[in-house]
Amino acid sequence: MKVLVTGVKGQLGYDAVNELTRRGHTAVGVDIGEMDITDAAGVKKVMRGVRPDAVIHCAAWTAVDAAEDNVDKVRLVNAVGTKNIAQECKELGCKMLYISTDYVFDGQGETPWQPDCKDYKPLNVYGQTKLEGELAVSENLEKYFIVRIAWVFGKNGNNFIKTMLRLSETRDTLKVVNDQIGTPTYTFDLARLLVDMIETEKYGYYHATNEGGFISWCEFAKEIFRQAHRKVNVIPVTTAEYGLSKAARPFNSRLDKAKLIENGFMPLPSWQDALKRFLEEIENGAN
């Protein structure tokens, strides 16, 4: 299978290309230098040249706070760019897998969000434009996967774990929010699932994070320092007390993943195990 992967320089795109290659598929990774997704003519030219059997669309504007001051730019990338790819997938008759986010929901309550829930109420520009991307895919295609993820971390990019480790170099006490609840997602594990998906025709909406239960960012930070053997005093605070974010964040990022098992897909390992492997990965990468 020939698969075009957008956003290859990001955390997930990087791992997706590696996973495809491991399995013997032909992976064509592109980033803005090879294909500007906001340029419809450019997308058409590249995709007609590659003629993929499937597209894994990882490219996105993901800087949540910065998005609040760059609405038009963010919409151009997350919504228009996604539509450009979806329309070309339709013309070529290829599958499309679109990476979305828990931020399409309002994050209220404590009940895990179902993949087929349509009660969308994004709290910020990032969530709204990712939702517009979802709609661009579902309205243009029949052969599509929309996979919502949350709390992403991977080797090839910045993430919460790397931030915590960096801060621990100079601080012995950190305040971390304890009223936003979800589950981390390791891109190395997620990439395996995404390739599993595109090898099938089991289209639709899915939720995918690691297993291991729901936690707060505060609990995540504590486990990071425990596994990394860092002595840091983590002080739990509310989002209101923390008060630094420009964009509103969902309190409830619990995603129901039962649909994966129902459709025969293997769940991701526990986030605790994923964290252990990630710490080993970045330690080995630094040596």
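Threonine 185 is found in strand S9, residues 185–186. Helices (H or I, at least four residues) and strands (E, at least two) are DSSP runs, numbered from the N terminus. Before going further, the sources: this is a predicted model, in which local features need pLDDT of at least 70 and side-chain atom pairs count only at pLDDT 80 or more, while totals for chains, interfaces and linings use all residues. Residues are numbered from 1 along each chain as its sequence is written, and side-chain values use heavy atoms, with hydrogens and water left out.

Is threonine 185 buried or exposed? Threonine 185 counts as buried, because its relative accessibility is 0%. Buried means under 20% relative accessible area, exposed means over 50%, and partly exposed is in between, with a 1.4 Å probe and protein chains only. A polar atom of the threonine 185 side chain lies 2.6 Å from the backbone oxygen of alanine 150. Leaving aside neighbours within four places in sequence, threonine 185 is in contact (heavy atoms within 4.5 Å) with residues including Ala150, Trp151, Asn210 and Leu268.

Strand S1, residues 2–6, and strand S2, residues 26–30, pair in the parallel sense over 5 bridges. Two strands pair if DSSP finds at least two bridges between them. Between S1 and S2 the chain passes through helix H1, residues 11–22, and this β-α-β crossover is right-handed. That term means that, with the strands pointing away from the viewer, the path from the first strand over the helix to the second runs clockwise.

Which residues of S2 are the bridge partners here? For leucine 4 the partner is valine 28, and for lysine 2 it is threonine 26. S1 also runs parallel to S3, joined by 4 bridges, and there valine 5 stands opposite isoleucine 56. S1 is mostly covered, with 4 of its 5 residues buried.

Proline 52 sits in the loop between helix H2 (40–50) and strand S3 (54–57). Proline 52 is buried, with a relative accessible area of 5%. From proline 52 to methionine 96 is 44 residues in sequence and 10.0 Å in space, C-alpha to C-alpha.

**Cysteines**

How many disulfides does the structure hold? It holds 0. A disulfide here is a pair of cysteine sulfur atoms within 2.5 Å. For cysteine 58, the nearest cysteine sulfur is that of cysteine 89, 13 Å away. Cysteine 58 counts as buried, at 16% relative accessibility.

**Cores**

A nonpolar core is a set of buried Ala, Val, Leu, Ile, Met, Phe, Trp, Tyr and Cys residues joined through side-chain atoms within 4.5 Å. The largest one has 55 residues, and among those touching the most other members are Met35, Ile161, Phe220 and Ile224. Helix H8, residues 217–228, gives the largest share of this core, 6 residues. Isoleucine 161 is in contact with Phe153, Phe220, Ile224, Leu275, Phe278 and Leu279, leaving aside neighbours within four places in sequence. A second, separate core of 25 residues includes Cys58, Leu260, Phe265 and Leu268.

Serine 168 lies in helix H6, residues 160–168. At 12% relative accessibility, serine 168 counts as buried. Its side chain makes a polar contact of 2.6 Å with the side chain of arginine 230. A polar contact is a pair of N or O atoms within 3.5 Å; within protein, one must be able to donate a hydrogen and the other to accept it, and residues adjacent in sequence count only if both atoms are side-chain atoms.

Lysine 276 lies in helix H11, residues 271–286. At 45% relative accessibility, lysine 276 counts as partly exposed. Lysine 276 and leucine 76 are 200 residues apart in sequence and 37 Å apart in space, C-alpha to C-alpha.
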